[in-house]
Amino acid sequence: MRRNKIRWLGRSRIMRATAMAGLGLTTATAALADCSDARGISLPESAELSSYSGYYVGGDGCFYDPHSIDVMTVPPAVGASGMRDERLIFVNGANPKAGREPYFLKLLAEARDIPTVGVLNTQTDENLSSPPTIKGVSAVKTLESLMLQALETGSDLLVRGGSGGASVVSVALVRTKMRWAARHPRPRKLDDTLRQLKVETFGGVGFFYPDGPSYVHYANLKDPNAQRLGVLNPLVKPGQGAVIALFQDTLAPLEADYEVLTPENEIILSHHGFGVYNANQRDFDRLYRFSPKILPYRFVPLISKSS
């Protein structure tokens, strides 16, 4: 099967930002986003997001119903190189915030220098251990649709799940593999076809990743969630040939800019939060070349970028 990269269209109106002292990063303004596309929905910081599960998050700070817009036309967050044909699909962790998710999306796009669009995951800490919802327009169904589209067109698709977002990615992968196998009953070629789905998790909360897709799992050795609920737990199945990228780092949690953290949560997020994982990542293909392919998985140590 010829593997082409999906061509992504549209321009991004980057949300205005100010320098974040001491970190060299940017932070989103408090004003409502100015949607680049009229189909975008601008939400206040305090918005209840449960009704928007599975919506695309654009680089313009707006939210887009996947039933009314093609992902190729969602304005992405972009890095220094600007618009390119590649795309990274990011699934956030638990307890999302209307202002925080576009901000984190932009930081990820800048760190990886790749156009990035989010898929909104509206799980909370209370339901994190339960299977992600598949009712209505959910993150699982949105991801499943994107994955099946990539397989049908022979295109590579890069998906990244952070924390609880990894469990959403895991369920979507299982459903995609089952549906693809039902449509194309050729078991010998099944896993080869699925390999064009490139999957990253960071601090991922999830216990099962189906064989076939290409996996890079990031795990901070100081992260208690990675130890108990992620790929550092020996009971977790990371997917055949997975690369588990290990590092040790501690950073002040960026989540503190959007919510009041307890001392305990501040400690946990300094090892498990978006910031520490965003500061320690590499190009997917650069890491995946260490995949053992025929072995279950391989640990690859990283030198912390913030040390």
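This note comments on one helix, the disulfide and the aromatic pairs of a predicted model.

1. Helix 2 covers residues 139–153, 15 residues in total. From first C-alpha to last, helix 2 reaches 21 Å, close to the 21 Å expected at 1.5 Å a residue. Its buried residues include V140, L143, L146, L148 and L151, as well as E144. The residue that follows helix 2 is G154, with a positive phi near 70°.

2. The count of disulfides comes to one. The bond joins C35 to C62, with an S to S distance of 2.0 Å. The link is left-handed, at -100° about the S-S bond. C35 sits in the loop between strand 3 (25–28) and strand 4 (56–57), and C62 in the loop between strand 4 and strand 5 (63–64), so the pair ties together parts that are 27 residues apart in sequence. Both cysteines, C35 and C62, are buried.

3. Across the whole structure, 13 aromatic pairs are found. In one of them, Y103 and Y258 have ring centres 5.7 Å apart and planes at 40°, so this pair is tilted. Y103 belongs to helix 1 (residues 100–112) and Y258 to the loop between strand 11 (242–247) and helix 6 (263–272); the pair therefore ties together parts 155 residues apart in sequence. Y103 and Y258 are both buried.

4. F104 and F274 form a stacked pair, with 4.3 Å centre to centre and 10° between the planes. This pair links F104 in helix 1 to F274 in helix 7 (residues 274–278), 170 residues apart. F104 counts as buried at 4% relative accessibility, and F274 is buried at 5%.

5. Ring pairs link a cluster whose members are F90, Y103, F104, F202, F247, Y258, F274 and Y277.

Conventions
Residues are numbered from 1 along each chain as its sequence is written. This is a predicted model: local features need pLDDT of at least 70, side-chain atom pairs count only at pLDDT 80 or more; totals for chains, interfaces and linings use all residues. Side-chain values use heavy atoms; hydrogens and water are left out. Helices (H or I, at least four residues) and strands (E, at least two) are DSSP runs, numbered from the N terminus. The expected span of a helix is 1.5 Å times one less than its number of residues. Buried means under 20% relative accessible area, exposed over 50%, partly exposed in between (1.4 Å probe, protein chains only). A disulfide is a pair of cysteine sulfur atoms within 2.5 Å. Rings of Phe, Tyr and Trp (its six-membered ring) pair if their centres lie within 6.5 Å; planes under 30 degrees apart count as stacked, over 60 as edge-to-face and the rest as tilted.
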